[in-house]
Amino acid sequence: MSCREKQQQIKETVSKICAEFNNDPNELIAILHKTQGHYGFLPKEVQIAVAESVGVPASKVFGIVTFYSYFTMEPKGKHPVSICMGTACYVQGAEKVLREFESRLEVKNGQTTDDGKFSINTLRCIGACGLAPVVMIGDKVYGNVKPEEVNNIINEYS
Ligand code: FES
């Protein structure tokens with residue numbers, strides 16, 4: 001598929017999603033949520049298509065995408081690592097767990113490894129505070145995670 005065709009296809013898909021929300025700029029977050037659900041992430045060309053469909057500057061869409069940690073501009077890895085940074089997890093050492101994942105996988109929060117296997121992102125409270133600090137890999141939940149356990153967890157997926 002040529003670049004032009006790809007762009008055209010993105011435009012059509014995105015305009016359908018936006019139409020479901022009446023192209024209402026006040027629904028931008030919901031629109032981006034649904035669009036990310038479709039593509040898995042929000043690359044620049046998709047953000048531009050959303051901006052054009054609802055009639056707002058691309059910078060506004062970009063601002064929302066970068067502000068909310070839920071949104072991502074990069075495709076997630078095959079095994080997305082999500083680290084809870086809610087208060088309970090944070091006070092139980094979630095940041096150290098995050099740093100350990102970053103150093104073991106050699107990518108930063110928000111990035112995906114070169115082989116596409118893992119990506120790292122952070123979440124707000126996922127409602128499992130009793131297990132703090134909590135890490136999810138895909139749908140699997142790990143509780144009471146200590147930095148020294150991170151390597152073993154990663155090895156489960158290697
Ligand atoms: S703060 Fe992490 S699960 Fe609630």
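Against which helices do the buried residues of α3 pack? In the predicted model examined here, local features were considered at pLDDT of at least 70 and side-chain atom pairs at pLDDT 80 or more, whereas totals for chains, interfaces and linings use all residues. Residues are numbered from 1 along each chain as its sequence is written.

The protein chain contains seven helices and four strands, where helices (H or I, at least four residues) and strands (E, at least two) are DSSP runs numbered from the N terminus. Along the sequence these elements follow the pattern α-α-α-α-β-α-α-β-β-β-α. Taken along the principal axes, a box of roughly 50 × 35 × 25 Å is filled by the C-alpha atoms of the protein chain.

Burial was assigned from C-beta atoms placed from the backbone: a residue is buried if 20 or more other C-beta atoms lie within 10 Å of its own, exposed if 12 or fewer, and partly exposed in between. By this criterion, 26% of the 158 residues of the protein chain count as buried. Contacts were defined as residue pairs whose C-beta atoms, placed from the backbone, lie within 7 Å. Of the contacts in the protein chain with a separation of 6 or more, 62% are accounted for by residues 24 or more positions apart.

Helix α3 spans residues 44-54, and its buried residues are V46, Q47, A49, V50, A51, S53 and V54. The packing partners of these buried residues are α1 (3-20), α2 (28-39) and α4 (58-67). After α3 comes G55, which has a positive phi, near 75°.

Phi of N22 is near 55°, a positive value in a residue other than glycine. N22 counts as exposed because 9 C-beta neighbours lie inside 10 Å. The loop between α1 and α2 is likewise the place of N23, a residue other than glycine whose phi is positive, near 50°. N23 has 15 other C-beta atoms within 10 Å and is therefore partly exposed.

A further backbone feature concerns the peptide bond from A132 to P133, which is cis, with omega near -5°. P133 is situated in the loop that lies between strands β2 (118-123) and β3 (135-137).

Note on methods: Contact = placed C-beta atoms within 7 Å.
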